[in-house]
Structures are given as structure tokens and as C-alpha cells.
Amino acid sequence: DSKEDYEQNTYDCGKKLNRAVQAMLAAEAAGDNENATKLLNGIKAELADWFTADNDTDEEDKYFYYDADMGTLFGFPQAYYTVDGMTDHAFHYGYFINAVAQVALRDPSFIAEYKNVIDELVGDVATTKRNSSTSRYPYLRQFDMWEGHSWASGHADFGDGNNQESSSEAINGWAGLILYGQATGNEELTNTGIYLYTTEVNAVIDYWFDVDNDVLSPLYKKTIGGNEHRYASMIWGGKYGYETWWTAEPLQTNGINILPNTS
């Protein structure tokens, strides 16, 4: 794929929406209403582009599609196997839900216009319906109530079980649910977001950062190659590790559990 195509996917566009939201909040805080309005309009335009599908064969069109056979919402163009492997939905869609929540606080009419698509985004990652005959999605699809955190991989076809790398992006998604629930007066959604957020935060404190020193082994924490492994950057069903999917460089290995930087 070309660089241009790569940047038009659910992940990169989601992160761009997040940056635009942060800039809008900063502009509002500074009293720069003109630029805040421009940013809000840009956010709405980007969301509207994703929330509508062109009736043509343009492969660069951005849209979401519900697949009844798989019981999931796919975003095209995909990134990091969100379609092929059903991975990272809470990460990617969390950025969209956060942006939608900010718009809901400022322009409820926009939400009313695209509510059908927004409901699908929320439902895919956080439906609370348990009846498979009436629900379009599995109950809390990516969240593992036993473990207390979500999993990133959709197929889980690994020898070491399922895995999650960017715990912070999962938390970002649950924060978006809370804000969207608050913005729309949806108490059930707000409470669901609070449960997911608080439970995952506590799991990350234990399993990723081991603040009580009772999870990570002393051998793992031993300085290796000049790097002291004080936390796990990736948690698996059967192991933990200090790496990312694409590099073991320390800055990125630590940064993957810090982004996004939000206000």
C-alpha cells in the first residue's frame, strides 16, 4: 500500500481525530473560539466521512460495515489486521468514540444524524446484551472479566494464548464510553464505561506495572543489555514480555503503554 493509503485507515485516522480534539480543547481553554470552531467542524467532517459509504468502487472510501456472519463491525481501510484478524477494535474504535463524545457535548444534532453508526461502534466493543438471539455483538467482546482487562487479538491463535500490548489505548476507549454516556445522558453506558475503565486500570497497575512487586519475576526484572525491565510491555495468556510487535527499542517499548497523551 502507498503511504497515502496507509494513513487513511481506522488507526491513523483515529489518532488524527485525537490530536484534533486535544487542539480544540486547548483552543477553547485559550479563548480562541474561532480556531476551536474550525477544529470542531473538521472533526465532524472526518467522522461524517467515516459514517457514510459511497455507492461506488472507490477503494479509498472510508466506511464501517457490519458483518452479520461474524457479528462484528469492520472499518475499511483496515490497519493491523482489524478486519483479517478482528484485532484491536477497542483501540481503534475508542479513538472514534472519544471524538464522537466531544462532538456530542457541542453539537447533539450531529449525533442524532449518525446515531445508527455510532451505536454500532459502541456495540462492537462494549455491548451489555447477553442474549445472542437479540444482540448483534458478543457481550463485552474484547473484555475478559476473569483477567480484569481486555485482549487485543481477535483470533487468539497463538501458542502463548491471547495478548494485549497497548493497555493505555484500551483505557482510552473506555474513557470515551464514559464521556459519551455522560454527553448523551445514557446512564447504562456511563456505568459500563466506568466498570471497564476502573477494572482495566487496576489490572494494568498489577500485570503491566507490577506496583506491588508480586507479578513479575526477579529474573525478568534483572538488567539485560543495559535495560532494566521494570514493567511488562505486553501481556499474554501464558507469559509476559518486554517488546513490541515491531521493535524492542526502549523508547517505543515504553511508549506503547503511554499513548495517547490526552488532556
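The mean positions of the 17 positive and 41 negative charges of the protein lie 4 Å apart. The model described here is predicted.

**Overall build**

The protein contains 10 helices and seven strands. Its radius of gyration is 19 Å, close to the 18 Å that the globule rule gives for 263 residues, so the protein is as compact as a globular protein of that length. The C-alpha trace spans about 55 × 50 × 45 Å along the principal axes.

Of the 263 residues, 47% count as buried. The protein exposes about 13,300 Å², and carbon and sulfur atoms supply 51% of that area. Among contacts with a separation of 6 or more, 57% come from residues 24 or more positions apart.

Strands of a sheet pair through backbone hydrogen bonds, in a parallel or an antiparallel way. In this protein, three strands form an open sheet with the order E5-E6-E7 and antiparallel pairing. Strand E5 (163-164) and strand E7 (240-241) stand at the edges with a single partner strand each, so one side of each has no neighbour in the sheet. Strand E6 (residues 234-236) pairs with E7 over two bridges, in the antiparallel sense. Ile-235 has Tyr-240 in E7 as its bridge partner.

**Backbone exceptions**

Most residues other than glycine have a negative phi, and most peptide bonds are trans.

| Site | Feature | Angle |
|---|---|---|
| Phe-76 to Pro-77 | cis peptide bond | omega near -5° |
| Leu-259 to Pro-260 | cis peptide bond | omega about 5° |
| Asp-88 | positive phi, not a glycine | phi about 60° |
| Leu-140 | positive phi, not a glycine | phi near 40° |

Where does Pro-77 lie? Pro-77 is in the loop between strand E2 (72-76) and helix H4 (89-106). Asp-88 also belongs to the loop between E2 and H4. Pro-260, by contrast, is located in the segment after helix H10 (250-255). Leu-140 sits in the loop between helix H6 (115-126) and strand E3 (143-144).

Conventions: Residues numbered from 1 in each chain as written. Predicted model: local features only at pLDDT ≥ 70, side-chain atom pairs only at ≥ 80, totals over all residues. Heavy atoms only, no water. Helix = DSSP H or I, 4+ residues; strand = E, 2+ residues; numbered from the N terminus. Rg over C-alpha atoms; globule rule 2.2 N^0.38 Å. Buried < 20%, exposed > 50% of the residue type's maximum accessible area, 1.4 Å probe, protein only. Contact = heavy atoms within 4.5 Å. Areas by Shrake-Rupley, 256 points an atom, 1.4 Å probe, with all protein chains shown as cover. Lys, Arg positive; Asp, Glu negative; His and termini not counted. Charge placed at Lys NZ, Arg CZ, Asp CG, Glu CD. Pairing = 2+ DSSP bridges.
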